[in-house]
Amino acid sequence: MAEENEKKILSEEDRFTYVKEDVTDEKALEKGKEDYSGSDIQVLEGLEAVRKRPGMYIATTASAGLHHLVWEIVDNSIDEALAGFCHNITVTIDHDNSIIVTDDGRGVPVDIVAKSGLSGVETVYTILHAGGKFGGEGGYKVSGGLHGVGASVVNALSVWMDVTVCRDGGKYFLRFENGGHPVGHLERIGDSTPEERGTRVHFKPDPTIFTETTVYVYETIYNHMRQMAFLNGGINITLTDLRTKEEGGNPKEDGSPRVDNFLYNGGIREYVKYIDTNKTSINPEPIYCEGAQEVTLADGVTKQRVYGEVALQWTDSYSQDCVYSFCNNISTKEGGTHVDGLNMALSRVLNNYAKAFKMLKDGDKNFTVDDCREGLTCVISVKHPNPQYEGQTKTKLGNSEVKKIVSDIIGDDLRRYLDENPAEARQIIEKLQLASRAREAARIAREKTRKNALEITTLPGKLADCSSKDPSECELYIVEGNSAGGSAKQGRDSKTQAILPLRGKILNVEKAREDRIWANAEIGNMITAIGAGVRENFDVSKIRYNKVVIMTDADVDGDHIRILLLTFFYRFMRPLIDEGHVFIAQPPLYKIDYKGSAYYAYNDAQLEVLRKQLNLKPGFAFQRYKGLGEMDFTQLWETTMDPKARKMIRITVDDAAEAEAIFTELMGDEVEPRRKYIAENAKFVQNLDI
């Protein structure tokens, strides 16, 4: 059935061919040779190690790794800004999907480095772990780069790279080819004017490394550049896309290049206001806290200053997850000691203030950290000369001294703000009181209704579970409606595919109080089925299914159910999305019965190609599926659930702040932003089913 189906499902590219390999003697094939000796040991020199194992340096050679190359070069320019020497950065996507990054910093050193015997340019771009960012008396007090590998890794993974440096009155140039090999040595190619300074890097990613794609996504770079501008107030960043649509670009409607400029003199205060664009704020302007303290580095002698800045704004939102933390411009999405410092300061200052003004009576329980963070949007940015992260991914800050520093900074400035703005302070405390009461109501609801997944030991009765107990091969299909759920149960692979039908639309968790959320049967069923808890208690290692697949109709109601489910996962099971476990099923839109065979198309373009391939006459009848219930179980398996033929979209979050703004815009209480969004995007809608 799978082979027959493979011929009938049309894709925009060539049809896939599936080849079964003989694996009867797989163990013998995997066995190493017995005469293993010193001659078998490889010593990778220079940048060869990067090309051999690129995943060790950029995590992946898929689209995310391709864009990571841009971040590495831009980070060098941002570090010049942190050092106080760079004010303008330009990023250009050229016609051939090569990248040009230019800054007006000091320029990479061009003199000879004693230890390498090479110029500073050749040293930085060809030798791993070489740079001026290792602390102490180097060229940078703080930086995002720690290991001196960024520039050389980008060079290693490029077909070619051109580096031009303007400094000390000279203009210097060096070209690298074939994975980082210099073409000659650094040459002075002319004089530079006093206005000409800084570094220009032009590189083209190697398609033999980035085999999935070498086409840059403008929106991805746009979001990252905007974030860098927010975090470095006063730095001017210009992004230009020179590509045509055919080259993968995003030109203006008249075909001219897309150019965006980012300059936020308010820094992280403007970042918070951007995130809260569609929310009603309690304090109209973000509360800004900043300060610095001296710390002794690991050598026990060297002293350096750690700088921190924090912007806080409370809104009418119920979310507790709008805290965005950074260290040296690196996003620490798992938090760390700076976030611990925030939590400590919030709990101390807000409880003390409420008690001092009798808003918390004697005998009342203190506000919890969750109470303090409900509705809070916060950006924390620290600059540390010697940051310690948990893992190479730099997603969690581990410096113990940062907790007290951030706590002190926030404590002083937040208390001063509350004292100077009593009306807003009262509103903030009243927000905490509502959060506290709702938390208590939610606790009672959990105990009373036993709907909390942490307390339920039996799986939902509506769940048709799979027989396998290995989560790595198991999939949970969340299906709209009992009719489609019935077809899915009949057509599935019962060993690895579980089916959970939804009855109608789930609660919009963006607008609902927690006690209502916990009392909702459909939400309780999903939490129990997935089996890994919720919010701060969510443990992604305990999920019962490696893939959670949302399968809804291709109409307005189906789209609404999808966004409701994604809102729930984003707010209550965020790691499920972050680690790539959430998918959207893509059932076909069209079916053509022709000469005893069924052919499927997933969009209008495929339908037209199919008509031409089959040489159909105008008016030849075809079926458009409006709902999954219109398919029998065989069709549902063949088109949407068979791993060999199905199409699915993996849900990712590249920019948490952007996602936060979109979820609030589409699912929050404010109607006007939603109306505006619909008006601006209605022209893109096709085949609307209502």
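Predicted model: local features only at pLDDT ≥ 70, side-chain atom pairs only at ≥ 80, totals over all residues.
**Whole chain**

Start with everything shown. The chain holds 22 helices and 24 strands. Of its 690 residues, 51% are buried. Now consider contacts with a separation of 6 or more: residues 24 or more positions apart account for 70% of them.

**Stop 1: helix α16**

Select residues 521-530, which form helix α16. How many of the 10 residues of α16 are buried? The count is 9 of the 10, so α16 is largely enclosed by the rest of the structure. Colour the buried ones: E522, I523, G524, N525, M526, I527, T528, A529 and I530.

Next, show what covers them. The cover includes three strands, β17 (475-480), β18 (497-502) and β19 (547-551). It also includes the helices α15 (514-519), α17 and α18 (574-578).

**Stop 2: α16 against α17**

Two packed helices are described by the angle between their axes and the distance between the axes. The crossing of α16 past α17 is right-handed.

Show side chains at the contact. α16 contributes I523, M526, I527 and I530. α17 contributes L565, F568 and F569. Which classes of residue make up the contact of α16 with α17? It has 7 nonpolar residues, no polar and no charged. The four α16 residues here, I523, M526, I527 and I530, are also on the buried list from the previous stop.

**Stop 3: α14 against α20**

Hide that pair. Select residues 482-491 for helix α14 and 633-641 for helix α20. Their axes come within 8 Å and cross at roughly 80 degrees. That angle makes α14 roughly perpendicular to α20.

Zoom in on the contact. On the α14 side, pick A484, S487, A488, Q490 and G491. On the α20 side, pick F633, L636, W637 and M641. By class, this contact of α14 with α20 has 6 nonpolar and 3 polar residues, and no charged ones.

**Stop 4: helix α9**

Finish with residues 268-275, helix α9. Which residues of α9 are buried? They are I268, Y271, V272 and I275. Turn the view to look down the axis of α9. The buried residues fall within an arc of 95 degrees, so they line one face of the helix.

Note on methods: Residues numbered from 1 in each chain as written. Heavy atoms only, no water. Axes fitted to C-alpha atoms, helices over the stretch in contact; angles between N-to-C directions. Helix = DSSP H or I, 4+ residues; strand = E, 2+ residues; numbered from the N terminus. Parallel < 35°, antiparallel > 145°, perpendicular 65-115°, else oblique. Contact = heavy atoms within 4.5 Å. Nonpolar A, V, L, I, M, F, W, Y, C, P; charged D, E, K, R; others polar. Left-handed = near helix turned anticlockwise from the far one by under 90°. Buried < 20%, exposed > 50% of the residue type's maximum accessible area, 1.4 Å probe, protein only. Arc of directions from axis to C-beta.
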